[in-house]
Structures are given as structure tokens and as C-alpha cells.
Amino acid sequence: MTGAILFHELTARQRIAAIADKGSFDELLPPPERITSPYLAQLGIPVSFDDGIVIGHARIGGKKVYLAAQVGPFVGGAVGEIHGAKLTGLFKAAARDKIPCVLIVESGGVRLHEGSSGEIAIAETMRAIFECRALKVPTIAVIATDIGAYGGIGILSTCCDFRVMTEHGRLGISGPIVIEKWMGKKAYDSANRALVWKTSGGKTKYLLGDADALVHDTADAVRDGISRFLGKSSAVSLTAVKARQKELEKRLKKFGAATDPDAVWNGMGVRNIEAASLASGPEFVALAKRGK
Amino acid sequence: MITAKSAKRRQNKAERIARVGKLARGKFVVPGKVPEVLRRIIEPGDILCLEGDNQKQADFLANQLATLDKKDLRDIHLVMSCITLPAHIELFKKGMIKQVDFCYAGPQGTAVADLVKAKKFPVGAIHTYNELYARYYIDLTPRVALIAAAQADRKGNLFLAANTEETPAIVEPTAFSDGIVFAQVNEIVDKLPRIDIPADQVDFVVQAPYPMHLQALFTRDPAAITDVQVLMAMVALRGIYEKYEVQSLNHGVGFNTAAIELLLPTYGERLGLKGKICKYWMVNPLPTMIPAIESGWVESVFAVGGEVGMERYTAARSDVFFTGRDGSFHSNRAMGQLAGHYAIDMFIGASLQIDINGNSSTVSKNRITGFGGAPNMGCQPTGRRHPTKAWLKAGAEANPGPGSPPGRKLVVQMVETFQAGRVPTFVEELDATDPSIRKALHGVTPVMIYGDDVTHIVTEEGIANLAACRSVAERQAAIRAVAGYTPVGLKRKKRETEDLRARGIVQLPEDVGVRPSEASRSLLATQDIKGLVRWSNGLYDPPSQFVDW
Amino acid sequence: MEKFTKAFPSKPLPSKTASPWALAGVVGSGNLEVLLERGGRPATAMECHVETSIPGYKAAWLAALADFAHHYPAGGTKVTINDQGAPPVLVTLRLRQAYDHLIKGDK
């Protein structure tokens, strides 16, 4: 219980170092190349040498992967032109070389200062992801921090074959404040952290099938979670899409009128809400299974 | 024989109560009648005490008082520890107050500064807690006290629950001088878990329509502790706690000391300090102490107040905390401050500003806060006679003269050299010396802790042992040496710093065996609030603003 | 934004380092990134380039960088900093981290 290094506390570079096989990471467009955003510089906003995303190739458990980690603290991990080009390029390379691609997500979506190029980059990356999927090249998103995956990056994450999440991770399209702004504080109080995590957090996403693995908040657990999916892929076909649509309709019918996220947990088999709230990763998974 | 004065006082009380008449049924008043009852029991010129410290507030009674106007109530001499609520400010805006004597105005600090600028804040003095309570027995004895309790029974006995805090210190001088005690309670019940204030000392009771305001003041989310704070905590543990074998102590409210608490079961354990330091505490039930308590570091904790969410945990750990027979938590602000004054080896706290002589203050022209309890503990109690290892060791370093006590309390200021937004903590002169503030306070600069009382300053740069300095110039040089890259720090001279370092008066992290590269949040016993709940085996119930699960 | 460049006298870097460059920290509120590279000039100075979002603290920056160059053999390195309002203590801490990383490589 003491002294563990939590995955969500690491920087993007530390996350990569912690999950890649020792010394195996080779960075593409590393900081000394100084490929930074010209737009931020013009606006008087500090730039970063990696423009908020570290990309490269590495091995995980001996298997070759393309690996990227977004830098959440840098403009919210948002996708600008350079950041977006690195992201798109990596997934394109994965499709070209038929090597699995792992993205450690930490982004609120498009960088407003360079909107169009961010939008285009996300769309192009999605196309590259689907190219990978058509070729059965695994694509995996890891969502493990409160910055999480929102906006275009929320959508992009769900385009990947698999999502590995921790209890700290959040996944959605509109962020809590935006939802509150449009729906009203009564419908969704963004200051209610418990509500926010119970609607967009890793545990709920796992229960609803939006996350494929829920793991402890440690680098080892995240690496094991990724490894589980490196040899697999999930089919993209009309049948699969239709089946997913059916599932979503069922979900809406079952929970559409629910006003309390605990009702969703209950409905998904979680009996002891208090114990489940405190449980992490596989312990939570076990509690949820027991109720089914 | 009854003296004329006491007869008058008693008679006057009887008249006030008679004026209330049928507005009360016995002692009990319904909420809607409270403003009128207040109007009838308070007289112009009264010393009126409003209960409210930095945690608990008689907020319903304060809000009702604020519905009155100058025509109802005027010339009030207000005495209270903390000006915390908008209702308190209202009383000044309406011109009902002729004088105020208080300790602290945390959340209303800006509003108070505005009142001072508008000349609507006729202040007597800013006090420390025990200083103000002491004056309740001398020259500021309340005629009417408006207090807050958790429960009353049908006779008017009061149960104060975890937040006893300052209630006894207000009720005793008021009740025993024929003053009127009016209590708001959350509930009226048939049987109390324990009686904290006997009905005999209570004149009126109202069941408030909402529970009294309680501020979760001492909850520090481990997630917000920085690596730099961990570094400072490591330096303090090695350079002060370990060096002096500090056994009894008080921690202020802050992330620096929260980091120390969370390092005890990890870094402290590794240093083999368990059982040697940090056994006896005068501190509120800090959630960040849970891991140290669960790891067996702590013998006892006495508190000046409770902390929201710690009720079940403290009841389960009544071998450590002071509790009633039923396990319910007990606190007492006056006694806690007294304990912190006389009976501890060390006080360690933070401040917004420290000047070149080691004086500290949180007051500026635009924000007048005050002191609270820090100065009661952050000072040298020259009335102390009992020795402890730490006291004697610090005393020997201070090289006491023939007319001085042989020991010293460790009074430690632990600050980062810069506050948020690159505002320097170290300054040549305190903002509190501003002429307008001094004028409002009758020539007194509101210093929180005097430099002469401070034994050590800890920053991310290292430790300055002020007690070991032999001159004012030397003390100034020691402060500059740890003031980092603030303007005060940039004026240090390399040779002076090296000389002080050679004599152990200034110690850098490596001088006390701390490698800065080792300082990391991963050393903390837990990195978030959820971890504290896990450490407590589910007994800690954090306030909702801290819960994300 | 404020930009400045200055070289500080420093003993030469060890001739062999674990990697040619090292980066510590991230650009975020109250934080900064430090890129430390071999190949700065001259070999007896630490060449520094700073870009900071909060102007007006040049004296503190220069003092912190000078102290680092004095305490560590960093001659022949090039330091580039992107800052978003970090306190000076973080400047020193990140420099140390980058330096350790440059000399010893990944922990």
C-alpha cells in the first residue's frame, strides 16, 4: 500500500519508459529536432519540444509496437498541427508496417488555437486506425488520467480496437462543464466529482463495455493490460456495427431514465456500491462479475 | 453579601429575560421569533459574543442578527474569534458595531480590508485565540453570547459533538457573570450522548432550520502535494524531527506538514524513526495522519476542533483520540491551545510572508486575516519548567544567558520561497507594516510569529537555524541564505553563507542527508484521498468535494 | 513572453555521457521543460536559452542558472528551457534531473 508509483502521476515520457521493455523505446522527432508549434509561438503561448505528444517505436514483452503518449499538462494535451501530424503518421506507419499501435491518451481534443488542422489530423488518424483494423493490426488506447479522452480524442479512442482504462481515467465527448452548461446544473453538476467519475470514469466505462480492460493504476498493470490485446483485433464489419447499435439501444432503454449513476452500476450487476467504489482494477471487475 | 454591582447585573439579566416573555416557551424559541428575541435581550453598549472560529459557526443566530438594523441594535461591542460569514460583515455595514475585538478573518479577509478602508471597522485589537478567551474573563466579559451546539435535550443541556472547540471558553465567563447564553442546536433530543454544557448555564435554545456551518478546514488532498513539498518535508524530518527527537508537536494547516505526515510510514520508517519521534500530538484529526496512526506511530492526539468526515474513524481509534464514553470525539480549543503553548516540543507551520528578521504575517493592505491559534503555539512559553530532550537541545544551541530558561520550544516556519504566481515569501519589510493597517490597529503591526520566537526556517533551499545565530546581522544572513532566488535571497553573500554553513547554522538538503533527486510524491504513504479512505479501512468519510468515486 | 540567452562559466562535462540529450519536466501551468544537450559552446561554459511566459524575473533566472553551472560540471552543454511560470526551485530540480539523465541515462 505504500510508496507505489502510480501510472497517472507519471509524465508522458515516464509512462513510455515504464511500460516499454527497458531501453527499447526509440523516439521519432525527438526534442532536439525542436519541431514546435508556430501558432502558439505567435500567440505568445509557451511551446514544447514535442508539441504535447511523444511518439516512437518500442517493444512490450518482446513484441514490436508503435507507441505514443500525449502530454496532458501541455495545453490540455490538445491536438494541434504538429501534434496531429505525429499522431496520424504513427498510425499510418503502424498500418504500413503491420505493427500494433498503442496510444497513451491524455487529451481534451482539438487545440482551439489551431482548430482546423487539429480537426483534420484527428479525422486522418481515425482513417489510419480503421486502415489498421481492416488489416487486423491491433490499435489500443490507454486512458488513465482525469484529463482523460474527450472531444475528438474521445471519439478517436473509441475507434481503436481496444481501450485499457484505470479508475482515474475518464472517457467522453463533451466534458462535464460543457454538459452542465447545456443541460443545466440540475441535470448534471460538474462540481460533483463523484457524479462525474461515475458517469465518465473507467469503472462505469468498463461496466458498459466501452473499456475492454480495467486495471490497477500502476505501470505494470497497464503493461499487462496492453499485452492482453497485442495479439488480438476486433472486427470492423456491418454485422459488428449493427450488433453494437443494438447494444446501445438496449442500454438506452435500460438506463435512459436513470437519474442516479448508482442505478447503472446496480443494473450492470454491482451489488455493494460502497465496496465497489473503493475497489480498484481487477477487484472491481470481480465484484461486478459476482453480481451477474 | 451581595455587592451592588452584581445585584444590578443579576437584576438586569432578569429584566432582559422578562422582556422575552411569551416569545419563548421556557428556554425554547422557535426560529421565526429569534430576531425579536435577540432585539429584546441585547442592549446598546453590550459586549456581544458571537461563536464562530475557523471551523464551527453559530451561523443561524448570526444570520438572524444580521436581519436587524441599527434602529433595533446599536453600539454593540462585538467579541468573536473569527469573522467568517457574510452576516458578520453585514453588522458592520449597517453600522451596528461600535467596537470589535477578534482573532481571525480568513474567508472575509478582503471584506474586512474593505471595511477598514471605508473606516467602518472600529477594531480594538487582533488577538490570538487564548488571548481573547482570557480577556473574556477580564475586561471583555460578554453580556450576551450566541453559541452553537449539536444537540440539546428538553432541559437545555447541550451536546457539542466533535466540535466542542471554543464553546466552553465562551459560556463559562458569560454564564458566571449573569450574562445570557443563547444556543442554536441542530436537534432537540430526549437523551444526549453526553452533556458538554449543563442546562444551568444556558438561557435560550433554538433548533436551527439548518445544521450549523462546519468548515472542512484541515482536509488536505494528498493529490495536491508537490515534489518540492516532499523535498522540504524530507529536509524537515532529517534536519529537525530526527535531530532533536521531537516527541510532542503541533502541525499547522498546510500541504507542507501534510507531506511530513504522509512520509512518516514510508521515509520515516526507513530512517528508523518510528517510536522515536512524533508520538504525542496537539492537532485536529487530520485525515493525512491516518497512515501514520494505522502504522502505529501515534500515541495520542488532542484537538482544538473536529474535522468533517473523521467521526467514525476517531471513534474507532479512541485509544489515540480523546473521546466521550460513547466514543464520540472531543475537542477543546482553549485547552488545546494551552497544551500547544506549554506541553509540546515543536510547533511547525507556514506563513504568507516572512521578513528579514524572521517576523511573519498573513496580513496585507487588501487582505486582513489575523492570527488564530498559531501565535499561542508558535512562541516561547517562558512559564515552562519541565525539560524534554528536544527542549534542552534547542535551548543549549540558543546559548541561554544567566537570566534565560535553559530550554527552547522549537518554533519552525516551513515555507516555499515563492507563493503561487511567483509572489516572494521573503520580503525586506512585511506588508503588515503598512501605515493604514498600523493606524487601524492603534500602532500595532499584526505580526503572527515574532522572529525572536522562531528557531528554524525551512525552505526548499535548506534550513536556517535562527536560534543558533549570535547577532541580528547573522540572523539576517541566515534568512537570506535560505530565501532562494527571491529579492531577499539574491542579496546574500557567498562568503557569509559558506561561513554559516560551516557552522551548521545553514544546512542544505545534502547537509542533512537528503538527495533532492529522491524527493518524489511516490514516497508518500498515499497519493490521494481515496488512499486515505483505504488506509482507514473505510472509516474515513471525506467531504463530498473530495470524493471522485 | 520573455526570451534571453546567456552562457555561464562551468567546468567541462565528463567526456562520456549516457546519451547526447536529456529532457526533464513538462510545459504546463507552473512548470517547465529543460532540454540539456551536448555540443554547447564553449566547452568551459553552460550555454542557456530561456523562453518564459512570465516576464520580469530575469535576475532570478540568471542567478539560478549561474548557481547550477557553478555546482555541476556542465561546460559544453546547451540548456534550452520552455517555461510556463515555474518557481525557481523547479528550474534547479529539473536541471538536476536532466543532468542526471544525461550522465547516467534511464534509471
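**Exercise 1.** How many salt bridges does the rule find across the interface of chain A and chain C?

*Solution.* Keep in mind that this is a predicted model.
- Step 1: Now look for charge pairs. The rule finds one salt bridge across this interface: A:R34 pairs with C:E37, and their closest N and O atoms sit 2.7 Å apart.

**Exercise 2.** Which parts of chain A does the pair A:R244 and A:D210 tie together?

*Solution.* 
- Step 1: Check the pair. The two side chains form a salt bridge, 2.7 Å from N to O.
- Step 2: A:R244 is in helix α10 (residues 238-255), while A:D210 is in the loop between α8 (202-207) and β7 (213-214), so the bridge ties together parts 34 residues apart in sequence.
- Step 3: Look around. Both residues belong to a salt-bridge network that also includes A:K205, A:E247 and A:R251.

**Exercise 3.** Is A:E167 buried or exposed?

*Solution.* 
- Step 1: Take the cut-off: buried means under 20% relative accessible area.
- Step 2: Compare. A:E167 has 8%, so call it buried.
- Step 3: Find its partner. A:E167 meets B:R534 in a salt bridge (3.4 Å, N to O), and this pair crosses between chains. B:R534, at 27%, is partly exposed.

Note on methods: Residues numbered from 1 in each chain as written. Chains lettered and ligands numbered in written order. Predicted model: local features only at pLDDT ≥ 70, side-chain atom pairs only at ≥ 80, totals over all residues. Heavy atoms only, no water. Salt bridge = Lys/Arg side-chain N within 4 Å of Asp/Glu carboxyl O. Helix = DSSP H or I, 4+ residues; strand = E, 2+ residues; numbered from the N terminus. Buried < 20%, exposed > 50% of the residue type's maximum accessible area, 1.4 Å probe, protein only.
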